[in-house]
There are 2 protein chains.
Amino acid sequence: MVAIDEVMQNAYQAFQSYKHYSPKQKADFLRSIAFEIEALGDTLLQQAANETNLPIERLKGERFRTTNQLHLFADMLLEGSWVEAVIDTAIPDRTPPKPDLRRMLFPIGPIIVFGASNFPFAYSTAGGDTASALAAGCPVVVKAHPAHAATSAMVFSAIQKAIATNKMPQYIVQHVTDTSFEAGKNLVQHPLTAGVGFTGSLSGGKALMQYAAEREKPIPVFAEMGSINPVVLLPNAMHERAEAIAKEYAQSIVLGMGQFCTNPGLILGIANEYMPVFLQTLSEQIEKAMPAPMLHKGIHDAYFNKMKNALAQKGVNLVQQSKQPINEMDALPTIATVEASVFLANPLLREEVFGPYSLIVQCADLQELLKVWKSVSGQLTTSIIGNKIDFEALPELIDIAADVAGRLVFNGVPTGVEVCPAMVHSGPFPACTDSRFTAVGIHAVKRWVRPVAFQNAPEALLPSALKNENPLNIWRMVNAQFTQAAI
Amino acid sequence: MVAIDEVMQNAYQAFQSYKHYSPKQKADFLRSIAFEIEALGDTLLQQAANETNLPIERLKGERFRTTNQLHLFADMLLEGSWVEAVIDTAIPDRTPPKPDLRRMLFPIGPIIVFGASNFPFAYSTAGGDTASALAAGCPVVVKAHPAHAATSAMVFSAIQKAIATNKMPQYIVQHVTDTSFEAGKNLVQHPLTAGVGFTGSLSGGKALMQYAAEREKPIPVFAEMGSINPVVLLPNAMHERAEAIAKEYAQSIVLGMGQFCTNPGLILGIANEYMPVFLQTLSEQIEKAMPAPMLHKGIHDAYFNKMKNALAQKGVNLVQQSKQPINEMDALPTIATVEASVFLANPLLREEVFGPYSLIVQCADLQELLKVWKSVSGQLTTSIIGNKIDFEALPELIDIAADVAGRLVFNGVPTGVEVCPAMVHSGPFPACTDSRFTAVGIHAVKRWVRPVAFQNAPEALLPSALKNENPLNIWRMVNAQFTQAAI
């Protein structure tokens, strides 16, 4: 595969030049990408709508999220503390003399980005993986997603403009339009590849891990994969507001036809007198929910297959499906129930049904609910609906929730991922391949950096972040104290 | 393997309790381990000397390093900013409302520690991996190293006293004395195992990676493996002080009979008029170097095999070996030279020869030296001997050095790893399996933690590190500003 080799050689050369751009220049570059994406205007939105069936309003929101994300990383670069500068000055008269040691984070090298089908902007060509890798100082090779290749090409044209305007290395971002599996495999296995970012299915993520495992030199693969995002309905909250909860969750289940990795696919409740109220309201809402087209035929067919297969399992009872007019490519909003004992015994029911489907697990009591909750560890989010009385009755609540997922949502819905420094979009396997990192929020940059220490380095050779005078004016840990002061 | 399963179940139970201990309690526990190790006094030193052949003075130093390391992590726990608390407060009147999001690092679960043969204290039972995992909040299962099993058992007895004194969960640290490969494999592959720390050979590290790759659920394996720690001799420094450099390096090569992962196994210089001076002095020093016994027969035999094999390669010329009396278990300090072109063509010469052996690569000019340097990327350290003129002539110096290794040593020797917050003991593969983490320094804790975000959590449910009033008084990033203030 000469073509892939050329791409990776280009990426490596770009890496060498990009190291010498300042944080300010990198920040300007990220903001410029955001500007050029906006400059594509309605043409871009229309192209994405054509390829993904997503409504223009949703795409507008996603575009905002994408540009916001680029600005967030630009802000992070200017603030500068993300490099984790730690300085321990010398103690020459100690025996043996203590050397001067200074460490900070350096970029690891070219990153391959596999975009998601369900986020043509925010998790694709100029999405979170690309933005975080560029902020880290790494070149990016994007493999265009076949489901929205033209949208990807348009976004790449915006990046190219930003590269030219900002006099960045020509190949700092490259776009591979060969959408074959073989091309993906060759990218992951190329010797110059330093890391992989992926958003997609469990099978896709596992395939990439396998390709990477076959390499002579291991590289980090961060894959964000499936999640069913368990929601826990605690009894006192249900007593107070079962109807309101059902209405809020009906909206979350059908939002974007359930094509979010944070879609609430599993709801755990206690089979007491409030459950029928909850189910009745949820059912009414799902019955009225308007079907809408799914992203593409593959996802549409997979949804119906997985949903029907789930409903065909012994003990699973269909509660409601939308009764509104449905077109060929539309999803069909669906809810079902199952007893906890049946759920615990059938691993298939833990698999993600990507689309507007949610399974309500009816538990005999709180203890059984906790048991079911613990059994589904490996999620991006888990949501807890409860009030003060519920929380006081459950001292183990946070321990369990933090074992289950990377983000704990209280009295809200998991859909809608805020792009902000504190966000965690990650979780134990199978939600992610490495729960120590996040795909969203400024800490996403940590996937693409490694620490380097300088021992007794002459001041002139130190990177700006480590120089005595602290020219970047960043927060550093100097002799075990956080400070912005010079040394 | 019922025994291993019982161990891992115990570790998991201990994990659940240990979560509820405060940073202060964990810090006291670490300090108590240090105290109990010291309380073992000369008996411990003598036992280690018997098992490892290491001199008592060296073992005293290593014991100090080990207790110092425990205190360093205790200090880190009390300082508290290592949890990376990031708080973005709510903006309720935004459309859509911005939720309150707070993230911090949580422990990942039971960690398996495989100690090193060459550091019976500092990288073993109560060494850096154990100390960092306990600080992170993770239980530890130590697999005793067969080469110093009795020393390991004594150190474990010290840990057990500290567990009792501090009323820690009984199984927060466990000691597996079954030293078979099978036991190691079963520990790595147990479903409750959350991570692995290893210090040893490349083949050992690769085996653990392979065991981990066979798991259904991937886990992080941090293995610190081989390194030849290239030293670059720049021409102007050689002009100034070739003799002094040779004397300093002769000491570093034979220190501890070269049984350090930071031993300088490769020296790159230019074949100009200063090279003969350097080689002459180095040769005189090596001739006088006193052989001493190696850690155990396996390491002794491996040293002689690897050293003889390296010397047998075409184009490799023996320069000098120690001419002092040598006993059965002793290493034989040895230096050899090779032309750069020969070195570049023979990958075997890049392999670590664990012991007091160093290969001097003679390069035609600076460009060839840089080529050789780049070719050996994947090191724990790289050392640069140069002066102002050398550095000014080499603008690419830091770029190359940082690609090669995790720690760049200027005008010094790589042996002697300072235990301090800024230390990086890591590097690109094959030095380590994941260069994004370090085995030494407070950041070693990051191997065993994952971020968890709380969205709109009631104040009462938040961990102390994330509460409004900041009861731990730690540095946090609140709305993108570093602060110790309450909210």
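Residues count from 1 along each chain as its sequence is written, chains are lettered from A in the order in which they are written, and side-chain values use heavy atoms, leaving out hydrogens and water. Because this is a prediction, local features need pLDDT of at least 70, side-chain atom pairs count only at pLDDT 80 or more, and totals for chains, interfaces and linings use all residues.

**Stop 1: the sheet.** Show both chains as cartoons and follow the open sheet of 12 strands: β10(A)-β11(A)-β12(A)-β9(A)-β8(A)-β13(A)-β14(A)-β15(B)-β2(B)-β1(B)-β16(B)-β17(B), with mixed pairing. Strands here are DSSP E runs of at least two residues and helices H or I runs of at least four, numbered from the N terminus; pairing takes at least two DSSP bridges. From one strand to the next, the twist averages 25°.

**Stop 2: a parallel pair.** Select 266-270 and 357-363 in chain A: these are β9 and β12, running parallel and joined by 5 bridges. Gly269(A) has Gln362(A) as its bridge partner in β12(A).

Stop 3: Angles run from 0 to 180 degrees between N-to-C directions, with axes fitted to C-alpha atoms, for helices over the stretch in contact (heavy atoms within 4.5 Å).

**Stop 4: the axis.** Chain B superposes on chain A by a 180° rotation with 0.0 Å of shift along the axis, RMSD 0.0 Å, which means a two-fold axis. Now pick Ala213(B): its C-alpha, at 3.7 Å, comes closest to the axis of the residues of chain B.

Technical notes. Least-squares fit on C-alpha atoms with pLDDT ≥ 70 in both.
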